[in-house]
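This report describes the strands, helices and nonpolar cores of one protein model. The sequence and structure are shown first, and the description follows.

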Amino acid sequence: MNLSKEQIEKKVNKLMSEYGEIIIKEILAWGVVSDVYSAMLIDKTTKKQTNIVVKYTKLNIEKSKIFSKKDIEESFFNAQATQNLDILIQNILSSNTPKIIKHFPESSITVMYNFTDEKFKLLQTRLLEKDISINSAKKLGETLAILRKDLQQNVNIQIESSQSQFNERFLELKVLLYNWRMDFYNQIEEDFLQENKYITWTDWDPKNFAIDNEWESMVFDLGRAIKCDPDFMLANLLWHLWLFVIAGYLENNSIFLEKVIEWFLEKYKEFDKLYEIDEKKFVNYFTASLLHRWMAMRWIDPRIANIIWEDSLKYACIHFWDMVFDKNNSITTIKKLFLLLQEIQD
Ligand SMILES: Nc1ncnc2c1ncn2[C@@H]1O[C@H](COP(=O)(O)OP(=O)(O)O)[C@@H](O)[C@H]1O
Ligand SMILES: [Mg+2]
């Protein structure tokens, strides 16, 4: 059984009794998989009050909140373990992560400081408030490069299966591709699940990333990391950002995205001098992932979803997909991809 808010409060007070009293307040993110609450810690001796956050991951995920029963069986069957992996990864990263007060692996409960007290703001909030500068493109690119290097060097375990995540993330593509176009699908599957793979963060959601006023960055919620092609990460970050471009929240259109790529490359080449982006692969991942998200708006903040789910844009997405995977003239460069995105929107 999953714990209710009252049960979490009771449990966390028991677990944290040596620290003081905890009062759970409002829910910050009603997660499908986790519940994250803002809370107050009253120090046992000094009675000082500190803002904290309590994250609890559910034992059973509700079928109606995911896509299908199959998805739960294949991808989300051990969600509680993903929270433990998240904390394990956070501990080995050289980037900023939320400051953890105590993690209780048996209970899937993490108690941490509230990062908004340290002037960090969720990337999604910054984007929606248009409170973002081109300097954050630099930080995003650099953080991605460092994260990629850290995961490659220091992490070797995964909870979810790579194949099931592939199935989840590329299902729409599979359904829409037919006849000769299956070649594209097979190529993407081969690339994504290639032999030479590393633990990769496949969940670069702007709700899993925070930035402070000096553009310092913070990452969290990394428990869904799996072994797959690490090149997926850049495309995954950029199509998420593109949704904000489409919805009108990120101006300068592709310039911001091009800057992210430029800074990613600059930083990543410090670790791997010979690294080059495989542009065709980038185009494939970007397009397939964009299609996946377009079909599953429930995961997206309504302020963006309401705009990009309009009929005209929905069809623009299908049209875009159709042109990228054109039989005789498929798109193979990032420059052409961004130009096409611009064209179908205008
Ligand atoms: N330490 C923290 N301080 C402030 N807000 C937080 C903190 N940790 C999580 N949150 C908020 O809760 C949301 C969900 O947390 P996350 O760890 O991403 O869980 P989920 O698995 O539900 O996505 C985040 O997007 C952020 O808004
Ligand atoms: Mg999250």
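## Hairpins of the sheet

In the hairpin of β2 and β3, five residues lie between the strands, and lysine 47 takes a positive phi near 65°. Strands and helices are DSSP runs numbered from the N terminus, with at least two residues (E) for a strand and at least four (H or I) for a helix. The model is predicted: local features need pLDDT of at least 70, side-chain atom pairs count only at pLDDT 80 or more, and totals for chains, interfaces and linings use all residues. Residues are numbered from 1 along each chain as its sequence is written, while chains are lettered from A and ligands numbered from 1 in the order in which they are written.

β2 pairs with strand β3 (residues 49–57) in the antiparallel sense over nine bridges; pairing requires that DSSP find at least two bridges between two strands. Within this pair, serine 38 stands opposite valine 53 in β3. Strand β1 (residues 20–30) and strand β2 (residues 34–43) are also antiparallel, paired over eight bridges. A hairpin of three residues joins β1 to β2, and tryptophan 30 stands opposite aspartate 35 in β2.

## Sheet order and packing helices

The open sheet has five strands in the order β1-β2-β3-β5-β4, with antiparallel pairing. β1 and β4 (100–104) each have a single partner strand and stand at the edges, so one side of each is left without a neighbour in the sheet. From one strand to the next, the twist averages 20°.

β4 pairs with strand β5 (residues 109–113) in the antiparallel sense over four bridges, and isoleucine 100 stands opposite methionine 112 in β5. Helix α1 (residues 5–15) packs on the sheet and touches β1, β3, β4 and β5; contact means C-beta atoms, placed from the backbone, within 7 Å. The direction of α1 makes about 140° with that of β1; axes are lines fitted to C-alpha atoms, for helices over the stretch in contact, and angles run from 0 to 180 degrees between N-to-C directions. Helix α3 (residues 79–92) also packs on the sheet, touching β2, β3, β4 and β5, and its direction makes about 135° with that of β3.

## Nonpolar cores

The largest nonpolar core has 75 residues, and Leu238, Trp242 and Val260 have the most contacts inside it. Such a core is a set of buried Ala, Val, Leu, Ile, Met, Phe, Trp, Tyr and Cys residues joined through C-beta atoms within 7 Å, where buried means 20 or more other C-beta atoms within 10 Å of the residue's own, with C-beta atoms placed from the backbone. Helix α9 (residues 232–246) gives the most to this core, with 13 residues.

Domain 1 (1–118) and domain 2 (121–346) both give residues to the core, so it lies between them; the bounds come from an automatic or database domain assignment. Apart from this core lies another, of 15 residues, including Ile8, Ile24, Ala39 and Leu41.

How values were computed:
A residue is buried if 20 or more other C-beta atoms lie within 10 Å of its own, exposed if 12 or fewer, and partly exposed in between; C-beta atoms are placed from the backbone. Two residues are in contact if their C-beta atoms, placed from the backbone, lie within 7 Å.
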